[in-house]
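I opened my notebook for another look at a model today. Here is what I looked up, entry by entry.

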Amino acid sequence: MDRRDFIKNSLLFTTGAVLLSGCTFNKTAVINKTGGVTTTRFKNIDVSMLGYGCMRLPLKPSGEIDEELNKKMVQRALESGINYYDTAYMYMGGKSEEIMGRALKPYAREDFNLTTKMPVVMLEKEEDVERIFNEQLKRCQTGYFDFYLVHCLNKRNWENTKKYNVIPFLERMKKEGKIKYLGFSHHDTPELLQEIIDYYDKWEFVQLQINRLDWKTTRGEEQYNIARKAKLPIIVMEPLRGSLLANLNAEATQILKAYNPEASVASWAFRWLAGLDGILTMLSGMSEPEHLEDNIKTFTNLKPLSAEEQAVYDKAIAAHLKQAAIGCTSCRYCECPVGVNIAGIFSLYNQYMYDLSSMKRIGFVSHYEALKESERADKCIKCGLCKPKCPQQLDIPTLLDKVHKTYLEVKGA
Amino acid sequence: MKFRGNKKPYLIRVTAAALFFAAEIFAFFPAGRFLTGLLSFNFAPAAARLITDFSITALLIVAANLLIAFFFGRFYCSVFCPFGLLQDIIGTIFRRKTGRTVNLPSLRYTILVITVVFMLAGVTSVLRFLDPYSNFGNIISGLINIKTVPVITFIPLLIIFLLVVWKNRIFCTMVCPAGTVLGLCSKLSPKKLCISKDICKGCGVCERECPTGAINSKEKYLDNERCIRCMRCIAACPGGGIRVFDTEKEKFVPSRRSFIISGIVAAAAAAVLVKGKELAIAIAEGLKPRPICPPGAGSIENFVSKCTNCGLCVEHCKGNVLKKPDSEYETVHVDFSDGKCEFDCKNCSDLCPTGAIRKMTLKDKQNCRIGLAKFNREICSKCGLCASKCPKGAISFTPGQLPVYNASECIGCGACQNICPVSAIEIVAINTQSQI
């Protein structure tokens, strides 16, 4: 073999390798619609009442995102008429946008609505806004976003939004056609919500945390009313309050199952929301295919709760609330600097609190001890950096202390 | 050693090498701070820097090295490379003659390909075991800290000692990836050092003197790929038969076997490239407990996959908090038991030749959080010293009360831990460094 042959062979080899390793042809996949979830009319488009939330994508047992499963679920979702996909820069440790970009790539762009959000919490200078926005387009492999939100507005983030001229920039993007509809997601008091709505009169929708648990306790009702008064369509986030409403305690579950053994616990929460006017879509982070199937069932011919069902649901929620729990939604914005698995610990604690079986103590201790030592509650150094980041305004260090004490007590007993 | 030929080139080269070697050692001492720039001329760390923390300077250094090797041969290895010079010294002491030695091109190419692929995958720390400069740095800083470092620090020294005693500078022609690259440049050059077939009488002195085994006196052939331009042969040749000639390009003819082997290596390499990031994380996760990293390292995963353990930062750390790998931590790490990370010092960021510690402005360094303070409020004596020493004003103190810690201002410099008389404060590692 002489040099020319060698080079030729190497080139062939490399080209082959590149082609094999995932060079897919650009072909638009056809969506075979098999069903249709209920939709609402927004401006001149129909939006599915069920939105595909990308803050909780399916995971492999190893903890990494199961991209293949997600692709299959996206296909199934599209086929069932789900056309609203809600990702964000920060979701899944910053991987969500890329993964959704790849999952949606095969389909015609006009067949789905893609939503993402400006992470104002991360802004350090005005140039960051444009840099992040362009990065998002690239990550999502798209030329435009249908819905675009200013992400997670609370007092501090709202200051950032104004300080770094986020709204003027996004308005420009709208003129350039890179954003179709502009809104914001809100995580603070009704007073601030009012202020934000009053500040800018071209908001087209608002994303609020509304669910049966937050309705009274964290002033969800007031926020809902403010949005209604401003005539803003509402996108509901955390309809299940981070799966809390899908996993009510045993007593509450029993009440619901006794009334209707067929309906899942989660379906009650969605149907409760369906009774409210002005809801554009409800975002559900479906981390397992079963969640998706159950939701498709609920949202096909979505019916609000009847008055009788409403009473049953109220009774079940009351039974559930008798036990103390931590209102963590596993959004993981807290990002503990020393690596304490805050959301994981709280979810274990909640499971323990809602579990009525005799095995609950053993279950709690063994699950807790399955956490890496460096991720456990006693590793918290009480620096408090998580507190301002928590959209649920939890006093995380104190709660971690409480969980760890519970663990020691349960273990000792 | 008897030199019957033209001694001048050899003497010039030895003098230059001695000067560089002395300077390179001195650069590891605090007083030699002004000489540290010299170390960044080293080839492999500059190449690593292209990937880890790109700079035009690094690009120029790499280009200069390649061009010098192309036009003049591997002078880097005989004049500048501190690890090569260390081998020369050992070789001189033991008066070893190399004689004819094995030439294993496929081995050195395999090592080179693996190294390059690891580097492209972001795991430049592969140089920790292969790059001559990093090994030299590790040995020197190990010797400086001989009382505290574990014995395993000197394993590379032992290995290189044995290699030199066996076959002189065989490391440079069999293993060293930097040498392989420069060798290839030298091989491609039209100007080569050759043995004149007319003058040479085949006495074989040159072959015996050659430390890399690059000369075959019977066939009157000098392998420019392995020749490190030490000039010994020129000094030894009684007839002056070794000179620079223009030659034809050598034919590049790989055998079928080497072709198959290189294919396999390339495939393995591609696999590493794909899995590189995960590998780095796996390596970092193997490190328990997780150490505090110097400011600019990013995260422990990043640092472990980039640092080649040359120890230059350790020797120049003003606060004496950077420590070499020890029995507890397998990587360079921050330890506040002897001091604090000095607020106005950013030597580690300035000096790191591989870019494992990013270049930062002083302001960025002063806002770079590397850890957070954990207070043991039960044993606190409420003296308030921590508050007075905190350069960021992250601790406020009212006499008679517990100090109040504002973590959002804290960069984890260790000033509080260092001053606390009752050891109530401990700086703990964080997963990812951030600018506050």
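Before any surface numbers, a reminder to myself: accessible areas come from the Shrake-Rupley method with a 1.4 Å probe. I am working with a predicted model.

**Surface of chain B.** I looked up the accessible surface of chain B and got about 20,000 Å². Carbon and sulfur atoms hold 64% of that area. Of the 436 residues in chain B, 53% are buried.

**Fold of chain B.** I noted 21 helices and 10 strands here. I then took the contacts in chain B with a separation of 6 or more, and 72% of them join residues 24 or more positions apart.

**A nonpolar patch.** Which residues make the nonpolar surface patch of about 570 Å²? I listed Ile89(B), Ile93(B), Phe94(B), Leu158(B), Phe161(B) and Leu162(B). Helices α6 (82-94) and α10 (155-167) of chain B each supply at least two of the patch residues. I checked Phe94(B) on its own: it sits in helix α6 of chain B. Its relative accessible area is 40%, so I put Phe94(B) down as partly exposed.

**The cores.** Next I went inside. The largest nonpolar core has 175 residues, and among the members that touch the most others are Tyr52(A), Trp203(A) and Phe346(A). Helix α15 (residues 342-354) of chain A gives the most to this core, with 9 residues. I also found a second, separate core of 51 residues, including Ala44(B), Leu130(B), Ala178(B) and Cys230(B).

**Around Trp203(A).** Leaving aside neighbours within four places in sequence, I found Trp203(A) in contact with residues including Val150(A), Trp158(A), Phe184(A) and Leu232(A).

Conventions
Residues numbered from 1 in each chain as written. Chains lettered and ligands numbered in written order. Predicted model: local features only at pLDDT ≥ 70, side-chain atom pairs only at ≥ 80, totals over all residues. Heavy atoms only, no water. Core = buried A, V, L, I, M, F, W, Y, C linked by side-chain atoms within 4.5 Å. Buried < 20%, exposed > 50% of the residue type's maximum accessible area, 1.4 Å probe, protein only. Helix = DSSP H or I, 4+ residues; strand = E, 2+ residues; numbered from the N terminus. Contact = heavy atoms within 4.5 Å. Patch = residues over 30% accessible without salt bridge, like charges linked within 9 Å, V, L, I, M, F, W, Y side chains within 5 Å. Salt bridge = Lys/Arg side-chain N within 4 Å of Asp/Glu carboxyl O.
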